[in-house]
Amino acid sequence: MTSVPELTDLFARLASHLNGTSLPHRTTQEEQDKADLDLSISNLNHSLNPSDNSRVRVLDTVLSLMCFEAPQVFDSVIEYSVKTIVTVLLSSVRCDVFRRPKDEVLTIGSSISHRDCGNLIESCAEILGKLEGHGKLSESLLCAIVRVASSASLYRQLSTPIRDAKSVDSLISKLLCHLPRATLLDNNKISLRFLVWYLDPLVLKRDVSNILQEAMRRPFLCLSKEFHESTGWRSIIISLVLSPIMFVEARALLHKWFLVTGLASVLELLIQLVSVTLDVVSRPMFWDISAELGGKLPFSNAYFPYNHRLLRNLAGPLSYDDFLQLVRETSQPVPSSKTQLYPSIKSPMLKVATVDHKSIWSLAINFPDWFYFASALLFSAKGSHDICHKVCLLAASKVGKTHYEELHSIAAARYIAWILSPVSKSLQGRLADCLIKHSESPAFKQSHDKETFYKKKLKKLKLCEEDHTSTREYDDQSIAVWLNGFNNICTMYCSETVNNYTSSETKPSGGLSLQKNILFRRIPLGLLLCCPSHLNEDGLELLLHYATTGRIFQSRETKTPGLKHVKWNSSGNKIPITWSDECNEKEVVAGAFLIFSLTDIVESMCSSLFETEEASIDFICRLKMQVSKYLIKCIKRFIQLKVDNEDVVVMDLCRRLEQWRHQGRVVLELHNDLDNVIQVFNQRFASSFS
C-alpha cells in the first residue's frame, strides 16, 4: 500500500479511533431497536466487566471473558494504525533508477510528491496532539512525516517543477509544538531538528532568537552551563554540531544581529555558541554523544570554513608568537583579488566583506581572551624580566633583544585598534598611536590646566614584579584623571569616524560604533591584569565602574573626578555619595555581570599563562579579592532597586554567586560578605512566598 489516498484513509480511521464515537442518533424504529439491543448487551458486559466505558459492542463481551478490556482493544487499534502509517511513510523513501532512451538517472527520495506532502502534514498535525499519552507513537509519526517531507521532490518530472503545490515550509510550523525537546540521536539517521530547519529555515532563526531572548531576560544566566543542563538548549547545540552547515548559518545570524545592534548580550551569546560547539566536538561523550557517533563528527574546518588557518591559533593556548602572527594577519593589505573586484578601497561592498561572518575579524571577536591579553600587554612595562602573576610571561621572553623591547605594546595597540576599527586602516593607525601614547603615561602626569586639582607627578605604571618592592598606589583621583584622557580618545575617534562617513552613504553599524562598543571601555582592565598591586580600592572601583558604564563618577557640586564625595543634609551632617548611589538597575546588573565574565576570562587565560595550576589558582583568588567589594556593592544596589518579582533572575544571581565563590579556590575572607548577600536573597524569597 503506497498510494496517498490509502494513507489519507488510514489517517481518517486513526482520527476516528482517537476521537471516539458517541451513541448514534437513531431516526427509524429499526435503528432504535438495534440501539436497545446494543444497550442490553452493553449492560450484560458491564456486569461481567465493570468499566466506565459508555459504549461496548458484542465483541467487547467476548473479549472481557478472555481478560481483555475494551480500552486495551482501542489502544491496540491506535498503536497498529500508527505503526502501519509510519511503515508506509518510511517505505516511500527509496532509491530508484530512472531510465531514459540514452541514459539512466539515479533518483533518491520519496515517492510521495511535494504536493501530497502538504496534505499529509495537515492530516498528521491533527493527529499528533491526540496521541499524547500513547507512549512514543507521536514521536515516531512525527519523525516519519518530517523525513518524507524532506525527501519529497519539488519536480513532477526530472525537469518539470510543481508550481501549485502547498508550501511545506509554511505547513511545517504546525508540527513545531510537537517537536521533542530532547535530541533524538541515531548513528545512522539525520537529526530530526536538522530536517525541520532544512524544511523551514525560519525555524532555525526562531530557535536562536528564543535563546537570545532568554539570555537577555536572565542576565546572570551562565550560558555554558545552560547549554549543557537545559534539555531544549542542549538539543539545539547538538543539532548544530551534527549539521555544520546549520552552525554556520546560526553563527552568521548572530553576527549580523551584533553588527546591527552592537548589544553586549548578542556578542556574549555568539562567543558562548562558538566555545560550546568546539567543546562538543572535542569531548562529545561529556555531552552524552556516543563514542561511535562522536567519532563521526567532522573536523573544525567544517564549522569554520573561512580563515580556518587562524582558528588553531585563536582556539589554542595564549602564545606571544601566535599573537604576533595574528597581528601580522590582521595588518595585511587587502588581497589583490578583492581590490580588482572592488576597485575603490572605500567601496561599501568591500567594507561589508571586512566585517561579515566570513572575515577574520568576525572570527577574532569570538575569542575574547586575545583582546584581554593585548590589553595587558598594552600596559606592561618594557624590559621587565621577573613578572608577577606571569600575565606577560611569553612576551617577556622576547625582551632580551632590543628589537622586541617596544614590540609587545605596539603589537597590542595595533590588535586592539583593529578589533575596534576593522574597516578603516587610517583610523586604525591613529587609534593605535593614541593608545600607545596614553598607555605610556598612565602615571597621570601633572596637568597645568587651572581646573586640575591633582599636581603630583608619578612614574610610568609597571607590571607588578616578584619582589613587590614598589608600593606605589594610584588613588581614585589619579585614575579619574587618566580615564578622562583615555575617554577623550573615544570622543576624538568618534568625531573622525562621523567625518569619514559624511560623504558616504553607509554609516557605521552598532557593532562598529566605538561609543556603543563595550570592548573599548574594557581596555583599561589591562591595568588590573598587569599591575593589580598599584591600584587602591577606590581607584579599582572607579576603573570597574568606567568599564561597566563608560562614565567617570564626578561630584555634582565640584565636578571633581573621583569616587567618593559628600553632600550635606538639613542637619548639617555629611552624607557620603558613592558611584553606586547613581546607578540604575541596568547598570548594576552590568557591573555584576562584568565581574563574573572577567573572572571567567581570567580563569581561561591562566591555563596558558602559568606554569603550575597552583600559581593559576592563586592569581584567580587575588583577582576575586580585589573585585569582590565592587561586586558586593553592585548586588546590594540591585537589591535596593529590585521592584519586580522576577524570581528567576534572583535565582540565577544566587547560582552565579555560588559558582563564582568556588572559582579558583574558595576565599575565606569573602565568606561573610557572600553569605550575608545570599541570606538577604533567601529572606526576600521567603517573604514573597508567604
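Predicted model: local features only at pLDDT ≥ 70, side-chain atom pairs only at ≥ 80, totals over all residues.
Accessible areas here come from the Shrake-Rupley method with a 1.4 Å probe. The chain holds 31 helices and four strands, and buried residues make up 48% of its 690 residues. Among the contacts between residues at least 6 apart in sequence, 71% join residues at least 24 apart.

The interior can be approached through its nonpolar side chains. In soluble globular proteins, nonpolar side chains tend to be buried together. In this model the largest nonpolar core has 186 residues, and those with the most contacts inside it are L89, L141, L240, F323, Y415, I523 and F681. The largest share of this core, 13 residues, comes from helix α29. F323 gives a view of the surroundings of one of these core residues: not counting residues up to four places away in sequence, F323 touches W370, F373, A374, L377, A411, A412 and Y415, and Y415 is itself listed among the residues with the most contacts inside the core.

Two further buried positions show how individual residues are placed within helices. L431 is found in helix α23, which covers residues 425–439, and L431 counts as buried because its relative accessibility is 2%, under the 20% limit for that class. Once its neighbours within four places in sequence are left aside, L431 is in contact with A417, L420, I489 and Y493. L431 and W418 are separated by 13 residues in sequence, and their C-alpha atoms lie 9.0 Å apart in space. S138, in helix α6 (residues 137–151), is likewise buried, because its relative accessible area is 13%. With residues up to four places away in sequence not counted, S138 touches L128 and L131.

Side chains of opposite charge can pair when their charged atoms come close. The structure holds 19 salt bridges, and one of them joins R234 to D288, with the closest N and O atoms 2.6 Å apart. This pair links distant parts of the chain, since R234 belongs to helix α11 and D288 to the loop between α13 and α14 (291–294), 54 residues apart. Are the two partners buried or exposed? R234 counts as buried because its relative accessibility is 16%, whereas D288, at 56%, counts as exposed.

A second salt bridge is formed by the side chains of R656 and D600, at 3.0 Å from N to O. Here too distant parts of the chain are linked, with R656 in helix α30 (residues 647–661) and D600 in helix α28 (residues 585–609), 56 residues apart. R656 counts as buried at 7% relative accessibility, while D600, at 26%, counts as partly exposed.

D618 lies in helix α29 (residues 613–641) and R665 in the loop between α30 and α31 (671–689), so that the pair links distant parts of the chain, 47 residues apart. D618 counts as partly exposed, with a relative accessibility of 25%, and R665 also counts as partly exposed, at 33%. Beyond such pairs, salt bridges that share partners join E214, R217, R218, D652 and R655 into one network.

The surface, finally, also carries nonpolar side chains. V97, L106 and I108 form a nonpolar patch there, with about 320 Å² of accessible area together. I108 has its place in strand β2, residues 104–110, and I108 counts as exposed because its relative accessibility is 65%, over the 50% limit for that class.

Technical notes:
Residues numbered from 1 in each chain as written. Heavy atoms only, no water. Salt bridge = Lys/Arg side-chain N within 4 Å of Asp/Glu carboxyl O. Helix = DSSP H or I, 4+ residues; strand = E, 2+ residues; numbered from the N terminus. Buried < 20%, exposed > 50% of the residue type's maximum accessible area, 1.4 Å probe, protein only. Patch = residues over 30% accessible without salt bridge, like charges linked within 9 Å, V, L, I, M, F, W, Y side chains within 5 Å. Contact = heavy atoms within 4.5 Å. Core = buried A, V, L, I, M, F, W, Y, C linked by side-chain atoms within 4.5 Å.
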